[in-house]
Amino acid sequence: MKRNILLAAWMLFPFAAFAQNDTLTNERERLITLNEAIALARTQSVDAAVALNELRTAYWEYRTFRADLLPEVNLNGTLPNYNKSYSRYQNSDGSYSFVRNNTLGLSGTLSVDQNLWFTGGKLSLASSLEYIKQLGTGGDKRFMSVPVSLELTQPIFGVNSLKWNRRIEPVRYAEAKAAFITATERVTMTTITYFFNLLLAKENLNTARQNKMNADRLYEVAIAKRKMGQISENDLLQLKLNALQGKADVTEAESDLNAKMFQLRSFLGLSEDENLNPMLPESAPDIKMEYNLVLNKALERNSFAQNIRRRQLEADFEVATARGNLRSIDLFASVGYTGQDRTLTSSYENLLDNQIVQVGVKIPILDWGKRRGKVRVAKSNREVVLSKIRQEQMNFNQDIFLLVANFNNQAQQLDIAQEADGIAEKRYKTSVETFLIGQISTLDLNDAQNSKDAARQKHISELYYYWYYFYQIRSLTLWDFERNCELEADFEDIVRG
């Protein structure tokens, strides 16, 4: 009869108190799921803001490059040019004298300039006007006009930077777009880590509180059983130590929960008034990854593939630049019409041909092999880059292989941990009931409790690793394996938003 009374007191009191505690706590807490935390992190976290600004920087750099391919309208002028000074002048007999200048000049040129990416030159259609007036008594004034002229500036042997940029910049921007999606997935991975840290801290606190109440009730029951001579003094002292340890575990778990709460709350950009209560994900997608499929998606869409291509092009560009510096020949040609007179309108009449052709040559005769040495250095640097790329490619493939293997194994580990968690919980309840009727010792009860706590932590940890591996594969492949579609974003809308 006494045993039944003790068992009834044990079974009713702790769970009633526990339910009341949860009710009071939930009134102050905000329930949050893993998907909600991920959505908040992608819009409010500092890491997401950094990724967005890096994308915007890459976007405007690409827009600047695209603008170089379009015609520009430019206005250059000197308004005004006032000159009151002395300058040297050579007379007809060869002697020199100094003459005084006292002039006011105005000049302006309106041009439409177009870069020629296929040749590296520049073609300009220009119109200019120049005015000069001699100040002082009897000063004269003149206008000179060039109504239209067509100018070509063309390097002959130098490197065509615009053509190389036309190949490199689209790859660089594609790399930036892929890196943005990858960064977004990494924000998700960080969120998962912080979320499960808080979830584990919450479970540890709940476990510590439950264990403390259990230890307190067991100690109270043990006192009664000791008076009846049913347990030894050693078992009674052990249960008292368990009750004290339970109190210390609750204090430690509360501190850890507060730290993990602050960590997640700060990352999500939430107010300190928010008291987050993370919910354990009920299920995980049943997906089997294939290495070849994951590798192909990663090589096709990951920023690493674009990074390799960009670095190869940049290394080739450095070699081409060094070769182009071996010699330099520049062509400048201008054809048009010009006129001059004392009045503005007359300067546009009776126009004459205005033609200019210049060829500038710079060929080193003796530079002690300096320029050819730079070519060899550029080639050596290119070989270094290609060697690093090959090594990085092998490491990348290996990382993909290990990640796929870990994910596939993790699904099985999660199933085992989930089943072990349920079994350990049932075993602990059975051990408590068995202990109350004196069938097992405190050592067996402690072992059941420790197994229960470890199994619960193991279950949460395995669930964390499953989701972490899953999103890590998403971040490398930029592919959603649940919906079997690519991860995309409206970059124009994101940048302008």
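Begin by selecting Pro-80, which sits in strand E2 (helices, H or I of at least four residues, and strands, E of at least two, are DSSP runs numbered from the N terminus). The peptide bond leading from Leu-79 into Pro-80 is cis, with omega near -5°. Most peptide bonds are trans, and most residues other than glycine have a negative phi.

Before moving on, note that this is a predicted model, in which local features need pLDDT of at least 70 and side-chain atom pairs count only at pLDDT 80 or more, while totals for chains, interfaces and linings use all residues. Residues are numbered from 1 along each chain as its sequence is written, and side-chain values use heavy atoms, leaving out hydrogens and water.

**Next stop: the loop between E7 and E8**

Select Asn-350, in the loop between E7 and E8. Its phi is near 50°, a positive value in a residue other than glycine. Is Asn-350 buried or exposed? Asn-350 counts as exposed because its relative accessibility is 70% (buried is under 20% relative accessible area, exposed over 50%, partly exposed in between, with a 1.4 Å probe and protein chains only).

Now click Leu-351, found in that loop between E7 and strand E8 (352-362). Leu-351 is partly exposed, with a relative accessible area of 35%.

Jump to Leu-478, in the loop between helix H9 (442-477) and strand E9 (479-480). Phi of Leu-478 is near 55°, again a positive value in a residue other than glycine. At 1% relative accessibility, Leu-478 counts as buried.

Which residues are closest to the centre of the second largest pocket? First, its space: about 400 Å³, a volume being the space filled by probe spheres set on grid points joined across faces, edges and corners. Select Arg-42, Phe-180, Thr-184, Ala-489 and Ile-494, the closest to the centre among the 20 lining residues. (On a 1 Å grid over the protein atoms alone, a pocket is an open set of points where a 1.4 Å probe fits, with protein on both sides within 12 Å along at least five of seven lines; lining residues have an atom within 4 Å of a point.) Helices H2 (34-44), H3 (46-68), H4 (161-227) and H10 (491-496) each give two or more residues to this lining, and H4 provides the largest share, with 6.

**Last stop: Glu-54**

Finish at Glu-54 in helix H3, which is exposed at 51% relative accessible area.
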